[in-house]
Structure formats: C-alpha cells, structure tokens
Amino acid sequence: MAINAGLASLSESLWTAATGTYMLAVVAYTGEYAFGKNGRIARTSTDRTAQASGVRQPALVGSSEATGGIADRLDGMADQPDLASQPRFGAGTVEPAGDAGRRWGRAAVGFTVLAALFHLASVAIRGIAVDRVPWGNMYEFTLVVGLMATVAWLATLVKMPQLRYLGLFVMMPVLLVMFLAGTLYTKASKLVPALQSYWLAIHVSSVAVAEGILLTSAAITTMYLVRARFERHAAAGTAPARFAALGSRLPAAAALDKAAYRTVAFAFPIYTAGVIFGAIWAEAAWGRYWGWDPKETWAFIAWVIYAMYLHARATAGWKGNRAAYINLLGFGAMTFNFFVVNIVISGLHSYAGLS
Amino acid sequence: MAPQLPRTAQPSARSRLLRPARRLWRRLISMRTALVLLFLLALAAVPGSLLPQRPLNPPKVQAYIASHGAWGRFLDRIGAFDVFGSVWFSAVYLLLFASLIGCLIPRIAVYVRALRARPLKAPRHLDRLAEHATLGTGLAPDEAGMRISRTLRPRWRTEVRAEDSGAVAVSAEKGYSREAGNLLFHVSLLAALVLIAAGRLLSYEGSIVVTEGSGFCNRPISYDTFSAGRLVQAGRLADFCIDRLEQFRASYRDDGTPAQFQARVSYSEGLDGTSRPHVIEVNHPLRLEGDRVYLLNHGYSPTVTITRPGRTPVTDTEPFLPEDDLLTSEGAFKLPGRDGTSDDDLGLSAIFAPTAVITGGVVSSISPVANAPVLAVLAYTGELNPGGQPQSVYSLDAKQIAAGKLKQVAAQNLGLGESMRLPDGTVVRFDGYRQWANLQVSHDPSQTALLVAAVLMVLGLLGSLAVRRRRLWVRIAPPVPGARSVVSVGGLARNDSGNFTAEFTALVAQLSAALDAGPPVAPAAAPVGSAAGSAADKIGAGRD
C-alpha cells in the first residue's frame, strides 16, 4: 500500500493546530500562575486575606462533583489543601481562590485537552497515512513522547487537581518538544526492512512511555532542587536568592522528592523491559542480543544511573540533593542517547531519517 | 544491596590478622561502595560508545590510531578500543559482582528468618503512631480479635496475643513479597551475568558471502570471518549445510527505498539430512537446532568470461561490495597467469552499477534495481600476489599497482553482453550478474536461559518497587461492665508511605464492619473542624 499523501498532510496540519493550542494553554497557565491563588498577586495580598484563612469551603468539594464537567471538577478540588503536608512558606494556602486565576486555569485545562486531541489525531493519522506504527523516525518518536507527557499530565490532574497551578512547568517542555519535532521533520515514508518487525511496536513504545515518565521525573526533580534550596534558606531565616525564590510557590520538598522517586519507580521496570525487548529484537535482527552498539551502550549507561538513583535514595548521605542530581544525570544520559547517538554517532540504530 | 548489613561478631584475637581483610570486605559490600561502583561502571562504558571499537569496526580503529599519533597509541595501550573487554571494565563489574554476592547472602538469611518470624508485638501506645483510630465493640475481646484476624488474613499475616492487662492485641503485617521481589531481581541479575559469561565462552559466529547458486557447510573454514568463544570446539560445530542460495530477491518502492529482502535457500541438517527449502528475511532468521542463520547484507556478483589467446576461456563470478545505497559496487577479478611466470597475471578492477549513469567518465548507479547494468573495467597485467599472502577478494593489491608491478593496460565501460579487447588480444566479456547474500551463522547456547533470567529480573523489579510493606496493630481493651470495649487501631507504613492514610481509613472501615461496631471515631489528632474537611485534608496530604 502506498503512502496516503492527503492524510499525511492532514497530520501535519494537525501538528500545527496542536502546537498553536499548546501555546494558548501555556499563555493560560501563565495567567493562572500570575493571578491564581498561588500566584504572585495573591501572595502580595496575603495581608488582606489573612483573616479569611482557616475558613474552609467544604461545600466546594461536594458540589463540584455534582455539577460535573472536568474543568469544574478540577477547579473545585483545586481548593483542597496542597499535597504537601509541610507548611508552605509564604504561600497563601487556604484563602479562597481568586476568580481570575480560576478562569485562567479552566481555560488552560481546556486548551490542553484540545491540544492533546489534535496531537493524538496528528499521530494517529500519520500512522494511517503510512500504514504502520507512527514511531518509525525521530520526528514521529518525538511527537509520541510529547503526547505521552501531555497524557501523563492530564492523568495527574485528574488524580491531583491541586497541582494545576504548576501546569506552566509541564506545558512549556511539551511545547518545546513540539517545536523540536518540527525541526526533526521527516517526510511520511514506509519502513526499511530492518524496521519491519512487530518488535518496533513493542520495543519503541515501551521506551517512549518510560522516557515520557522519566522526563516528568526530571521536571519534578528540578522543582525539588529549587524548593529544597528555598527551604534551607527559610529554615536559616535568610532571604532566598534568585532561583530559590521561585521555590516559595512550589510544593514541599519532601513531597516533590517522593513524587520524583515514585515516577522513577514506575518507569524503571518499563524501561528495563523496553531494553530487554530491544535485546530480543536485536537477537532476531542481528544475530546477537547485545553488541555494545552506541545506542545499546547509552541505554545501559542510563539504566545503571537510574539504578544508582533507586539505591541512593535508600542510602544515608545520598538521599535528597545527591539522589536528585543522579536522577538528572540519568535523564541527561537518556537525552544524549536520543539526540547525540541518533544524529552524531553512527551505529546500527541510525534510523533518525535525517541525512 | 542492603542499606544496613547485619554486623558479624568481632573477630577473636586469634583472627586479628583477618581484621583488615574483613574490614575491606565489609566496605566492599556496603551500599556506598556499590553506588560508587555503579557510577564507575556507567562512566567506564562512555568511551566504548565515543571511540571506535575493535570488535565492532577494526578498520575504523586503525584509521583512528593512524590519525591521532601518540594519543591514539596510548588509548590503544590502555584498552580504550576494546572497552568492554578491557581489564578496568572487567575489574569494575567483577567488584560489583562480589559486592552484590556479599550483600545478597546475609540478606537472604535475614529474609528467611523474617519469613518465619511472627508479626511484632503491639506497641503500648497505638495512638502515638502516625495513623491511628479508635473503635468500639460489644464483642468479647477474644471474639473480636478472632474476627479482626479473619478479616485481615487473606492478605496480612496475623498473630493474636492475649496481654497481661486482659486486653487482646492483633499484630498484622503484609508486603513480604517486596523483599522477595528485590532478592529475586538481584539473584536473577547475578544469574544473567553468569549466563552472559557462559555465552561468551560457548558462542560462535561465522559470516559468509554466498552468491546465488552456491552454498556452504557449518565449518570454521567455510566462513569469511569466524569468531568463537574459548570453549567452542571448532571441529564439533552443529552439522548443517546451506546447500544452495537458490535466489535472492530485493524489492523496492517507487522512491527507491527498499521494501523487502528475501533469501530463498535450501538447507539440510545432520550428516545426511534431506534438503529443505526456507526463506530467510531480515528480522526472520532460519532457526535450526542451536544455530541461527541471518540475512545481513546483499549485493551483486557480476560475471565475466575472459578469453586469453591460446588458452581455455574462463568464466568467473565475483561478489562486489556495495559503496552506496544505490548499490554502486566495487570488486575485482583475478586470473593467475601460466605457472612459473611472474608478470602474466591478469587483474580486473571493476565498478558495477545496476542502473548506470556516466557523468564525466565516472560510472555511478541511480537505482539499486538492475535495469541497465554497466561494468566499468580497469584491466591490469603483471604480478597479482607475489608473496601468496591472503588478500582482499574485492580489490587488486594497491601496493603492487603503486610499485609498477601491475600495469593498467585498458579501461572500458561494458554494457550487458559487451566485450573489450586488451592489447595482448585477451577478450573480456560482461556476461551478466547474479546476486549475493551475506549470511551469518550464530550460536549461543545460553540465550534462552538468559531470557528467562531477564523476565525474572523484571518480575522481581515489579515486586520490589510496587509492593508496599505495612504493619497494623489492633488492641481490644478488657470489657468494662455496661460499656463497649475500646478498640484502638494503629498503622505503620514501613516504606513508600504513598497514600497510606487513605489505605488506613479504608482498613479501619473494614475492621469496623467486621466488628459490627459503630462508625470510626475521628482520629484524635485531627484539628477541630468538620470531619469531612479533615478527612479530605488527610487524603489530600497522603496523595503524593
């Protein structure tokens, strides 16, 4: 079956639509971040609302369930206290949410859902156009990883709507991933015989899922490092400098650390399985399950670093910051494996579709 | 690798000499050392991907050393061109291996003991635990204890104890499979490493270029390249033959990209097995008992007939090496001269283009399909191989040409069926072409067991990362006449607290139902406020 050029160009238009809608989402998240209850404006007016703190609105939790609608529901639940049980330095935790912030937040979630639908349609239609799984080259793989990240974020919102105000920090990377996919663009084409295997669907999808989750973990870890520094300043009573000042609006360091760990703990077995699937495929394609091809070598390096992270978190003296840096190092190795190994180093995995 | 290892008894005075060794061993099996070793392992692998590696690409290594002088020779001396076979890489993983074994053995012992141990006695003050609740019951303490134990038992290990005060305490614990998963992962990892090592000793790999119409048998000398582990007995490889490569078929799409490669072969197993047909494709090797035959590469083998004046015409088909994706290929035909002569050899250095275009006298291909094949021939006479040393079949010896011992006598582009005449009257005719396939035979007896070990590793990981360890205690106070007994419940998350608060709330509700007691009284530590609000508070706090 030949490539369906009409569908291929429809898929590209949908990429444009998704990217544009992500931009709107980023704008709206920024609005919520600025005007919302955790935002700068709310923070600077804490004095005014101080007497209101402690006044809870229990009705919101119940009534929002009844009124339905995802944005509404998310919004109602967003008024629950933060996931952090620790005190949130400087943040007006329990004051009633600002209406402006809530409107921005709702719009942001709406745009995110819309963009995700465009994004999903773009990936699916690309797959139909070329009549195969839509992750055969770097352009397609990048689109899939971006979609995974958005889906992971929306899933997080359903479970933990109180995190909505952090959407800016998730949607910005996703938007960058979309632009990146644009620069890696490859014309819709069929697969070379080496890639014609059902292992392509299994191996690449498991690695993409794991990498999407590990990307999230790296983002959370970065927030952790900022917040941890902020908390150290707060404990010492000194004014936090530059980046650390951002920490005032982030969840507690302990909660971020735990979230980073749990995302890695979730992704690590998937990643391990993805590498094993790759080894099984390599046995069928090249006659050996492992040959220290550059891609394999860097998959091994990233795996060892994430294994280090899991061990470090259980070792006195390595917990906290050191473990966090190991997490980022692991993500660095994985990113290196995707970009540098695919584009610069030649090996058996040279399927970037770039030349 | 255990964060805390059980301390062994201090060595006696007699074994004072052993003390430093013990200390070293203890340090080796500590988690910190393991972390450092893991880091070194990752670090040591990096040059293996950035520098050319001898096992993967020897010519590239030679080129690198040649162009980097002393630096290249230094890297070569420290084994940087064979990182994964180098002493330092082996040292790191062997130390890690030792550290892992040293850590696992005591840990398995501890786990076996824990499996046999009964759940711990209830602490005196259950209300001091992070999670606690109070219920009431009208049942006798013994009966209540039994009911609680029965309710928990499918998933919890329970122990009912009567306390001196007359109270009955139930201790419950679950999540034993977490450590089991952890141990399973590490033991499987060790097994995998042993199997990989065994595989290296027992595996072999042979590669051969086969032109349509010919075949080979599984003997080391048949192959163009053959590498084997130390324990492979080269004389006792599995008996099978690829009798003939019947046909190689490559199909392409309209844009010239390959769509499918198929090698149709007939093969026989055993010493006098019958010949059977099979189609080998990329990703679909021929799997025999213990051996696998892969299709790795393909190309064209042009055929020429050389008629030297006064001698029998010779027809020769030689595989040519592809130079690009469009299969512009290079190769050579070598025809030794009469015995005893040193300048009578004839050599043809040639380029084959399946669909040729000629620009500025240079032949190149515009399609991998043989639509208009051209053989561009440079003919040489002289001495092909003075020393009789093995040399490349794909080219003439450049040193002989440079030394003037091989002289170019003619050059011509030949279409199918065309011929050229050399000054001495020799006629070279381009008869046609066949295709060749590069087949690789691989043998690794350990890989099935290795797959099992890998699957167990993943299962172990799932257990060790997903299972959560929990402890729960319930104390039923001695009955007070005229009032319901007070039942206090306390819970402890031994790791990964997750949403233990929600878990605990659900458990208390379950226990409450089992006791047929009233609804749970709000936890004592909750701030004054509506019960719904504080519950939501707790659930929110637990969800991380």
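Predicted model: local features only at pLDDT ≥ 70, side-chain atom pairs only at ≥ 80, totals over all residues.

Residues are numbered from 1 along each chain as its sequence is written, while chains are lettered from A and ligands numbered from 1 in the order in which they are written.

So, chain A. It has 13 helices and zero strands; helices here are DSSP runs of H or I with at least four residues, strands are runs of E with at least two, and both are numbered from the N terminus. Of its 355 residues, 51% count as buried. Buried means 20 or more other C-beta atoms within 10 Å of the residue's own, exposed means 12 or fewer, and partly exposed is in between, with C-beta atoms placed from the backbone. Now contacts: two residues are in contact if their C-beta atoms, again placed from the backbone, lie within 7 Å. Take the contacts in chain A between residues at least 6 apart in sequence, and 79% of them join residues at least 24 apart.

Back to H9 of chain A, residues 198-236. The expected span of a helix is 1.5 Å times one less than its number of residues. For the 39 residues of H9(A) that should be 57 Å, and the end C-alpha atoms are 57 Å apart, which agrees.

H11 of chain A covers residues 253-286, so 34 residues, and it reaches 46 Å from its first C-alpha to its last, close to the 50 Å expected. There is a bend of about 25° in H11(A) at A:Ala267, with a proline, A:Pro269, following within four residues. The bend is the angle between axes fitted to the seven residues ending at a position and the seven starting there. Why call H11(A) largely enclosed by the rest of the structure? Because 25 of its 34 residues are buried. After H11(A) comes A:Gly287, whose phi is positive, near 90°.

In the loop between H11 and H12 (294-312) of chain A you'll find A:Trp292. It isn't a glycine, yet its phi is positive, about 55°. A:Trp292 counts as buried, because it has 20 C-beta neighbours inside 10 Å. B:Asn283 sits in the loop between E9 (276-281) and E10 (286-287) of chain B, and with 19 C-beta neighbours inside 10 Å it counts as partly exposed.

Where do the two chains meet? The contact takes 48 residues from chain A and 47 from chain B. On the chain B side, H2(B) gives the most, with twelve residues. By class, that side has 28 nonpolar, twelve polar and seven charged residues. For the classes, Ala, Val, Leu, Ile, Met, Phe, Trp, Tyr, Cys and Pro count as nonpolar, Asp, Glu, Lys and Arg as charged, and the others, Gly among them, as polar.

Next, the core. A nonpolar core is a set of buried Ala, Val, Leu, Ile, Met, Phe, Trp, Tyr and Cys residues joined through C-beta atoms within 7 Å. The largest has 151 residues, and A:Ile305 and B:Leu38 touch the most other members. H11(A) supplies the largest share of this core, 18 residues. Not counting residues up to four places away in sequence, A:Ile305 touches A:Ile326, A:Leu329, A:Gly330, A:Ala333 and, across in the other chain, B:Ala42. A second, separate core of 29 residues includes B:Tyr300, B:Phe352, B:Leu384 and B:Leu414.

That last residue takes us to a sheet. Five strands of chain B form an open sheet in the order E13-E14-E15-E18-E19, with antiparallel pairing; two strands pair if DSSP finds at least two bridges between them. E13 (321-322) and E19 (406-415) are the edge strands, each pairing on one side only. E18(B), residues 374-382, and E19(B) pair over nine bridges, and B:Leu375 stands opposite B:Leu414 in E19(B).
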